[in-house]
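Welcome! Here is a short tour for anyone meeting this structure for the first time. Take a look at the picture below, and then we can walk through it together.

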Amino acid sequence: MSEKGRQHRKGTPSAPSLEDAVAFDDIFPEIDADDPRRSVADETPQPDERAVRREREAARELRDSSWWKNQLAKGVCHYCGQRFSPAELTMDHIVPVSRGGRSVKSNVVPCCKACNNRKKYLLPSEMVTTMTPTLQEQFYRLIVSASTELPEDICKVLASVADNEAEASPARQTLETINQNAALAVERRLPLCQDTGLINFYISAPDGTPHRPIEEAARAAVVQATAEGLLRQNCVEVPSGRNTGDNLGSGNPAFHWDIAEEGAPVNVTLLLKGGGSENVGVQYSLPDSRLNAGRDLEGIRRCVLDAAFQAQGKGCAPGVFGVAVGGDRLGGYEEAKRQLLRRIGERSADAALAALEERLLTEINGLGIGPMGLGGRTTALEVFIGCRNRHPASYFVTVCYNCWCCRRQTIVLE
Ligand code: SF4
Ligand SMILES: [Zn+2]
């Protein structure tokens, strides 16, 4: 430890001088005495006071420049990559001024408060260990992203279908409002919808990955995001009707685990599924005499068209139809919901089902139900059909519908 550091540790009641400000104990209080980074910092030449003052003045000027305002307007923290409003971002020197860094464009970046607190006066090479986010932080970021940002493919399709609707029609206006709402949610880091939905984590991990710490971190992140209003309190106990207040409870959040190849990374996809769209999900058992639907592709088609027709005006159209054919009662719903994880335009590997997906997309949009049930050409954004083997006596067709607010995001856990 440097002499200056020792002296400062003994403590002086007055505010540290500029020179003291670069003493090791002040800037790395969390680093242990035997950490090798101490010796590196102890050997770091101290900047002269005039240079520090000059760079701070230059930083003030840079903050007023239109270049810096453009950087803030992008709304992304350089370190964690998360989105923030410009007001929530500060200017960070990659190489800190107190360690010889300059206030020039190549050395300043927008930085969120959390990253700023953790980075302090570290150099990029020293950040590796201290900046690795915890499991809870990674889940928290996933929740923020899923709650506030639509996936790219959903954004694209919502933008393109607006152009299909007649000028000044309710359908066109509704879609334009949806698109404006999505842009504002990203910009202001606010939930895309007041109903932030049911929380479904789909986790793919190699055999032997411990589940408990991952699930505990996810739950802690859910509590944090709920307290911050990024998730609505959507977990109600039955039969008491008591809201648990933190989105934790029996079956909440839901974890769906898959076994990945040995050595594969742990992937987590979060699906936030709105309650209004969940309510219009339905399961058919074929043959169905009301629909004149038999156990074949035509029978499946009739079921999906009926589900779309029955849902009209409910569940905030346009949306995505996830369909499962086969399975048991439970497996049908599980598979139908999983279909919502597919990207727009991703066709079934089975040629007959792929053709049926496309046909149903056209036919549902031909029903004229339109955005929010107000009439128009856009009722479905996509139809996905998956299959599960069935018992010889059973033939279920299950439809799981997701509104336009199709919130799914994926991360690879570090
Ligand atoms: S159905 Fe979707 S868009 Fe409508 S209120 Fe629920 S989450 Fe929001
Ligand atoms: Zn950050």
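Of the contacts in the chain with a separation of 6 or more, 72% are made by residues 24 or more positions apart. Please keep in mind that this is a predicted model. The chain has 414 residues, of which 34% are buried, and it contains 15 helices and ten strands.

**Helix α8**

- Helix α8 covers residues 135-148 and has 14 residues, which at 1.5 Å a residue should span 20 Å; the C-alpha atoms at its ends are 20 Å apart, in agreement with that.
- Ten of those 14 residues are buried, so α8 is largely enclosed by the rest of the structure.
- Among the buried residues of α8 are Phe139, Tyr140, Leu142, Ile143 and Val144.

**The nonpolar cores**

- The largest nonpolar core has 70 residues, and the members touching the most others are Ile143, Val304, Phe321, Val323, Val383 and Val399.
- Helix α8 is the top contributor to this core, giving six residues.
- Because domain 2 (138-274) and domain 3 (276-406) both supply residues to this core, it lies between them.
- Beyond its neighbours within four places in sequence, Val383 is in contact with Val304, Phe321, Val323, Glu357, Leu360, Leu361 and Ile364.
- A second core, separate and made of seven residues, includes Phe84, Cys111, Cys112 and Cys115.
- As background, nonpolar side chains in soluble globular proteins tend to be buried together.

**Around ligand 1**

- Which residues surround ligand 1? They are Cys193, Asp195, Gly197, Gly274, Gly275, Gly276, Ser277, Gly315, Cys316, Cys403 and Cys405.
- This shell divides into four nonpolar residues, six polar ones and one charged one.
- Domain 2 (138-274) and domain 3 (276-406) both give residues to the shell, so ligand 1 lies between them.

**A look at Leu330**

- Leu330 sits in helix α14, which runs over residues 329-338.
- Is Leu330 buried or exposed? Leu330 has 9 C-beta neighbours inside 10 Å and therefore counts as exposed, the cut-off for that being 12 or fewer.
- In sequence, Leu330 and Thr398 are 68 residues apart, while in space they are 9.8 Å apart, C-alpha to C-alpha.

Terms used
Residues numbered from 1 in each chain as written. Chains lettered and ligands numbered in written order. Predicted model: local features only at pLDDT ≥ 70, side-chain atom pairs only at ≥ 80, totals over all residues. Near = placed C-beta within 6 Å. Nonpolar A, V, L, I, M, F, W, Y, C, P; charged D, E, K, R; others polar. Domains from an automatic or database assignment. Helix = DSSP H or I, 4+ residues; strand = E, 2+ residues; numbered from the N terminus. Buried ≥ 20, exposed ≤ 12 C-beta atoms within 10 Å, placed from the backbone. Contact = placed C-beta atoms within 7 Å. Expected span 1.5 Å × (residues − 1). Core = buried A, V, L, I, M, F, W, Y, C linked by C-beta atoms within 7 Å.
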